[in-house]
Amino acid sequence: MQSLRSCSTDIPPSLSSSSIPMMTTTTSLTGAALSFDEEESTEARIRRLISEHPVIIFSRSSCCMCHVMKKLLVTIGVHPTVIQLDDHEIASLPPPPPPPATGHGGISSRNPVPAVFIGGSCVGGLESLVALHLSGHLIPKLVEVGALWG
């Protein structure tokens, strides 16, 4: 089962997101950067992809939050790898970090996608990524893993 798919939603910098809809291109994982062995398990393939890409987002194809995550990262100069997972593959994702002790439970514990990994570590979902950015820790973390030049 090779249903992991790479997805790119890059918009040329000269185009405004308000004037043109986001375009999605889906390619198979047979290219050099996203290649995999047919004997490789889904879990092993996901772990390998996480280790090979400084910034990677795992998502469902219908997840609008993934587009928001990617837009935030692209706005600050990072072009993450985006992988669309089927429902049966989502269970193979490493567990997200525990939610903060706020008393309302964590969205990430109920819905593991989209999930962003930076430098091999799971940051979590959209809320966690935005919180990391607002706290001023996102850009230094991206510089640290080589995804952004400081």
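Trainee: How many aromatic pairs does a search of the whole structure find?

Mentor: One aromatic pair turns up when the whole structure is searched. Phe 58 and Phe 117 form it, edge-to-face, with 5.7 Å centre to centre and 85 degrees between the planes. Keep in mind that this is a predicted model.

Trainee: Which parts of the chain does the pair link?

Mentor: Distant ones: Phe 58 is in strand β3, residues 55-59, while Phe 117 is in strand β5, and they are 59 residues apart.

Trainee: Are those two Phe residues buried or exposed?

Mentor: Phe 58 is buried, and Phe 117 is buried as well.

Trainee: OK, and how do β3 and β5 pair?

Mentor: They pair in the antiparallel sense, over four bridges. In that pairing, Phe 58 has Ala 115 of β5 as its bridge partner.

Trainee: What about β5 and β6, how many bridges join those?

Mentor: Three bridges, with β5 (residues 115-118) and β6 (residues 121-124) running antiparallel. Ile 118 has Ser 121 as its bridge partner in β6, and Phe 117 stands opposite Cys 122.

Trainee: How many residues sit between β5 and β6 in the hairpin?

Mentor: Two residues. Gly 119 is in that turn, and its phi is positive, about 60 degrees.

Trainee: Which way do the β5 side chains point?

Mentor: Ala 115 and Phe 117 point one way, Val 116 and Ile 118 the other way, and all are buried.

Trainee: Switching topic: which residues have the most contacts inside the largest nonpolar core?

Mentor: Val 55, Leu 73, Val 116, Ile 118, Leu 129, Leu 138 and Leu 142, in a core of 20 residues. At least two residues of this core come from each of β3, α2 (64-75), β5, α5 (126-134) and α6 (138-144). The largest share, four residues, is supplied by α2.

Trainee: And what other core lies apart from that one?

Mentor: Another core, of 13 residues, with Ile 50, Ile 56, Phe 58 and Ala 115 among them.

Trainee: Which residue with a positive phi follows α5?

Mentor: Gly 136 follows α5, and its phi is near 85 degrees.

Trainee: Now Ile 57. Where is its place, and is it buried or exposed?

Mentor: Ile 57 has its place in strand β3. Ile 57 counts as buried because its relative accessible area is 0%, and the cut-off for buried is under 20%.

Trainee: What does Ile 57 touch, not counting residues up to four places away in sequence?

Mentor: Cys 66, Met 69, Lys 70, Leu 73, Pro 80, Thr 81, Val 82, Ile 83, Pro 114, Ala 115 and Val 116. For Thr 81, which is 24 residues apart from Ile 57 along the chain, the C-alpha atoms are separated by 6.2 Å.

Trainee: Zooming out, how many helices and strands does the protein chain have?

Mentor: Six helices and six strands. Along the sequence the pattern reads β-β-α-β-α-β-α-α-β-β-α-α.

Trainee: What share of the 150 residues is buried?

Mentor: Buried residues make up 39% of them. The accessible surface of the protein chain is about 8400 Å², with 58% of it belonging to carbon and sulfur atoms.

Trainee: And among contacts with a separation of 6 or more, what percentage comes from residues 24 or more positions apart?

Mentor: Those account for 64%.

Methods:
Residues are numbered from 1 along each chain as its sequence is written. This is a predicted model: local features need pLDDT of at least 70, side-chain atom pairs count only at pLDDT 80 or more; totals for chains, interfaces and linings use all residues. Side-chain values use heavy atoms; hydrogens and water are left out. Two strands pair if DSSP finds at least two bridges between them. Rings of Phe, Tyr and Trp (its six-membered ring) pair if their centres lie within 6.5 Å; planes under 30 degrees apart count as stacked, over 60 as edge-to-face and the rest as tilted. Buried means under 20% relative accessible area, exposed over 50%, partly exposed in between (1.4 Å probe, protein chains only). Contact means heavy atoms within 4.5 Å. Accessible areas come from the Shrake-Rupley method with a 1.4 Å probe; for residues, only the protein chains shown count as cover. A nonpolar core is a set of buried Ala, Val, Leu, Ile, Met, Phe, Trp, Tyr and Cys residues joined through side-chain atoms within 4.5 Å.
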